[in-house]
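Trainee: Could we go through this structure together? I would like to begin with the backbone and then turn to the charged side chains.

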Amino acid sequence: MARSGLAAAARVARWADTALGPGGDSATADGKATLSDATAERAALALGLTPAQVRADWDTARLAGLIEVHGDSARPGWRLRAWNRDDSAVLRGWVALCDAWSLAYPEPEEYEAAAVAEVVTAMPQVLSFLQLSAGPVPVPQLLDLLEQRVTELRTERCEVDYAPHSEAPGSDAGHPATPEAGAPEQHAAAPGNGTATPASESEAGLRPDVPVQRARPAEPPVTDAPLDALLDWALRALASVGALTYGDGQATLTPLGSWAVWVKLEQICVAAQSPAGNIEQGAEDMLRGCGRLRPNAARAEYRAWLAARPVGSAVTELINAARGEDALLRGLAFEALRVVGAPAEPEVRTVLDEPTLRPYALLWLAEHDGADPEDAHEILTREEATWLWVDTAAAVADHGEAPLLVRHLESAVQPTVPALLTEVRAVGHPRTVQVLVALAAAHPDPALAKAVRRAAFQVHTGG
């Protein structure tokens, strides 16, 4: 279903990759993401479409991450490159489009932006209710839920008028008038009424990496807006991206839409189960905390940390942490990137030219392409393997115990210690001296320790 829904967008993205890439024609006339008239006409002619269809498919491709616009050129996103071999890339693309439903379908121009933003913020609860219902739900029932959620949002912003109202004629002074039967109550949906009320917008399933309209507390109170019309717009927009079907006065989630809501709820649960409590920390502090965990617990922490962040910014944070001086964080960062999987591939490839990160990136890419982790080291050159050995030894020297550093000798690709010392000296790792000094202090063999200290002295003096 996701492949079918994005097929037209993928077709335009492939055309753009060929025709508008570096060295090709400009994608836009003004350097913005909107196709120029000339480019739209050219694409329409090449693909047998109308310019309007090309523009619609182009917008879908950008929202789904199939194409990325940089200045006046376009290049394929990682999802398009992985389209034919990775079903998860296709599903992620569709989820990105679903998250951007409010951008994919024009909003009503006659309503205030703040009123539209309230509905965008409230819709995840409506989708959760549709998912729990597992079948058609009448629009009036959805409208009632939307009204409750909008009231909650206004209450949170202190926009509900709590001033005394004028007394009704004939009412007793000092006693509040009794609410009329059927008047809407201004409180959260009570437990057990069949609704699931997310505690926050992020829990409601909106991805923070997708731009959405948000109401700001500083804005003046929103005047009453016809929520039935805005609900109609929201349901039509969600139907346009394939999340639900809408007609005959009722709405039903599609299998894709139901799956997407389930995935969002699962992410919320994963994020809430951060075993070590590092979910709100930056990448470096999170990795430092995971250095004390067993591998399975560390992976659970990585998943929780990643579930609470946009994938793109999380990958960037991890790469930046890997560039630091702490070798342990470097190794842990790439372990976390293994949990990320395919979305990290483009940025991992960009660091292949950085000597500090190249061995880690090569191993990551080899495993990502299906190599057995135990055999992945074969992709490294002798020099890269030696550099990685020194870097790992530096992590052990800084954070491990002496016996572990001695055992690390067994992982060297060199058959003898003298051969290892020769190649270690030649590789030029900045921590070579410290590693050799620590190894000499830890090794129980006096003769070998003496040879290692001599090598450390020679590196230190440039001999």
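Mentor: Let us begin with Asp248, which is exposed, with a relative accessible area of 81%. Please keep in mind throughout that this is a predicted model.

Trainee: Where does Asp248 lie?

Mentor: Asp248 lies in the loop between β4 (244–247) and β5 (250–253).

Trainee: And what is the phi of Asp248?

Mentor: Phi of Asp248 is positive, at about 55°, although the residue is not a glycine. Most residues other than glycine have a negative phi.

Trainee: Which loop holds Ala134?

Mentor: Ala134 is placed in the loop between α7 (113–133) and β3 (137–138). Its phi is near 55°, again a positive value in a residue other than glycine.

Trainee: Is Ala134 buried or exposed?

Mentor: Ala134 has a relative accessible area of 68%. Exposed means over 50%, so Ala134 counts as exposed.

Trainee: Changing topic, how many salt bridges are there?

Mentor: The count comes to 19 salt bridges. One of them is formed by Glu284 with Arg288, where the closest N and O atoms are 2.9 Å apart.

Trainee: Where do Glu284 and Arg288 lie?

Mentor: Both Glu284 and Arg288 belong to helix α11 (residues 283–290). They are four residues apart, about one turn of the helix.

Trainee: How accessible are they, starting with Glu284?

Mentor: Glu284 is partly exposed, with a relative accessible area of 42%. Arg288 is partly exposed too, with a value of 33%.

Trainee: What does the side chain of Arg338 meet?

Mentor: The side chain of Arg338 meets that of Glu335 in a salt bridge, at 3.2 Å from N to O. Arg338 and Glu335 both lie in helix α14 (residues 327–340), three residues apart, which is about one turn of the helix. A salt bridge also joins the side chains of Arg338 and Glu367, at 2.8 Å from N to O. This pair links distant parts of the chain, with Arg338 in helix α14 and Glu367 in helix α16 (residues 358–368), 29 residues apart.

Trainee: And what is the relative accessible area of Arg338?

Mentor: The value for Arg338 is 27%, so this residue counts as partly exposed.

Trainee: Which residues are linked with Arg85 in a network of salt bridges?

Mentor: Glu345 and Arg349 are linked with Arg85 in such a network.

Trainee: One last topic, then. How many disulfides does the structure hold?

Mentor: The structure holds zero disulfides. A disulfide is a covalent bond between the sulfur atoms of two cysteines.

Trainee: And Cys98, is it buried or exposed?

Mentor: Cys98 is buried, with a relative accessible area of 10%. Cys290 likewise counts as buried, at 2% relative accessibility. Buried means under 20%, so both values fall in that class.

Conventions. Residues are numbered from 1 along each chain as its sequence is written. This is a predicted model: local features need pLDDT of at least 70, side-chain atom pairs count only at pLDDT 80 or more; totals for chains, interfaces and linings use all residues. Side-chain values use heavy atoms; hydrogens and water are left out. Helices (H or I, at least four residues) and strands (E, at least two) are DSSP runs, numbered from the N terminus. Buried means under 20% relative accessible area, exposed over 50%, partly exposed in between (1.4 Å probe, protein chains only). A salt bridge is a side-chain nitrogen of Lys or Arg within 4 Å of a carboxyl oxygen of Asp or Glu. A disulfide is a pair of cysteine sulfur atoms within 2.5 Å.
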